[in-house]
Every structure is written in C-alpha cells, then in structure tokens.
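Please consider the sequence and the three-dimensional model shown below. An explanation of selected features follows them.

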Amino acid sequence: EESLKNYCNALGYEIFKIYKDEGKSAKDIQHRPAMQELLTDAQQNKFQSIFIYKLDRFSRSLKDLILTIEKLKELGIDFVSMQDKIETASATGKLMFHIISAFAEFERNIIGERTSFGMEEKSKEGGTITKPPFGYKMVNKKLEIDQENGPKVKQIFEEFINTETSLNKLSKKYSVSVNGLKKILTNQAYIGNVKFAGKINKGIHEPILNPDLFNK
C-alpha cells in the first residue's frame, strides 16, 4: 500500500480511495465486496486510473482479469500494475495488454477445440450432446422417452400432416413456441439419430417416430 501511494504521488495522481479486500481470495471477483465497489465507482467515473501492486492480487483468473481491464478501457480508465510494469496508458503498455489478451484468446480457442472434438466423438458413438428434445428426458446421461410428452410428438406430426391447422394454432395447443414447433418437426432425434456440426450419426436411444412419418 505504501509503495502504491508513493508511486501515485510520484506520477502526480491524487488518491481518491484505497480499495482493500482483506482476508479474501483473489480467485473470485464476484465475492469480493471492495472489488465490486471499485467496479461500481469505475462505472460512475469517480476516478481516472486504477493502481494495483501485482496482477495476481487483482485477480487469479486470467479470464476475469482480461474482461475487467477491457471494461475499464471502455470506460476510459487507465490500469497500472506496479510490479508487473503493465499499464494501459502508454503505447508500450497497450501492446503488453494486447499480448496478454492474445494468449487468453488462444487458450479459449484451444479449450473450444477440445470441447468440440469431445462432443463430435460422443455424437459418433450415438450419445446425446445437448439437452433432451421435447418428448424425451435425460436418465443417467441417456435419452429416454418421456411417458407424458413422448406420445404428443407423434400427435404433433400426424396433426401437422393430416389437418390444415396452422403452425401458430398447433404451437399454442401444445404449449410450445412456433420456432420450437419447427425444431420438433425437423429434429432427427425422433427417428433415433444424433446430429452434431452438420453430421448425422445413429443414436443409442429409442426412436419415437418411424422414418416414413418423419420424412413425410
């Protein structure tokens, strides 16, 4: 604290307030009262800059750190980390921040690719990769026909084919949105398939409809 005071004074800054979360972990921004107060005051433009001693005292989460600094940048508030020699006020500081942001984005992309690969492999094995569609329920990570709504799926298809009922009236009758109804009428899960990233694989769940009815 003493070092930051001296640093601010040396640069000609007047100290508005010192925010301290004593006894709180730097891991989670959401459960730190002083941090939340600082961010609220930032939104109200009560100060021009934030000075911290070290990045890991501000946040242990790289994601939280990047998002928070980006938000401060939108508000026109400079961010200075004394020990890490990072600040967003100069061209050099901005470059350093962009480098950190690039690594954070790279990490997010890697995680996204791994997640996508895992979901695709699960799809190939016939497992479900999203929440259960109308007419099914999830039991032990597997789709099972919902005894209440399962029969309604067949009724919806038959009524859509054999009557002149509009999508709007049909959606109201079965308490789903029009877009939800369209998803039901095109969802291949009802004939036992699993679709992911445009690819269709045979599922391991029991179908509700026969392919003829679905295709019709």
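The paragraphs below treat a helix, a sheet and the nonpolar cores of this predicted model.

Helix α2 spans residues 33-43, and its buried residues are Ala-34, Met-35, Leu-38, Asp-41 and Ala-42. Viewed down the axis of α2, these buried residues fall within an arc of 125°, so they line one face of the helix. The elements that cover them include the strand β1 (49-52) and the helices α3 (55-58) and α4 (62-74). After α2 comes Asn-45, which has a positive phi, near 55°.

Strand β1, part of the cover over α2, also belongs to an open sheet of three strands, ordered β1-β2-β3, in which the pairing is mixed. At the edges lie β1 and β3 (86-87), each of which pairs on one side only. Strands β1 and β2 (residues 78-81) run parallel and are joined by four bridges. Within this pairing, Ser-49 has Asp-78 of β2 as its bridge partner.

In soluble globular proteins, nonpolar side chains tend to be buried together. The largest nonpolar core here contains 17 residues, of which Ile-156, Phe-157, Tyr-190 and Leu-209 touch the most other members. Helices α6 (150-162), α8 (178-186) and α9 (211-215) each supply at least two residues of this core. Beyond its neighbours within four places in sequence, Ile-156 is in contact with Phe-134, Leu-170, Tyr-174, Leu-181, Ile-184 and Leu-185.

Definitions and conventions
Residues numbered from 1 in each chain as written. Predicted model: local features only at pLDDT ≥ 70, side-chain atom pairs only at ≥ 80, totals over all residues. Heavy atoms only, no water. Buried < 20%, exposed > 50% of the residue type's maximum accessible area, 1.4 Å probe, protein only. Arc of directions from axis to C-beta. Contact = heavy atoms within 4.5 Å. Pairing = 2+ DSSP bridges. Core = buried A, V, L, I, M, F, W, Y, C linked by side-chain atoms within 4.5 Å.
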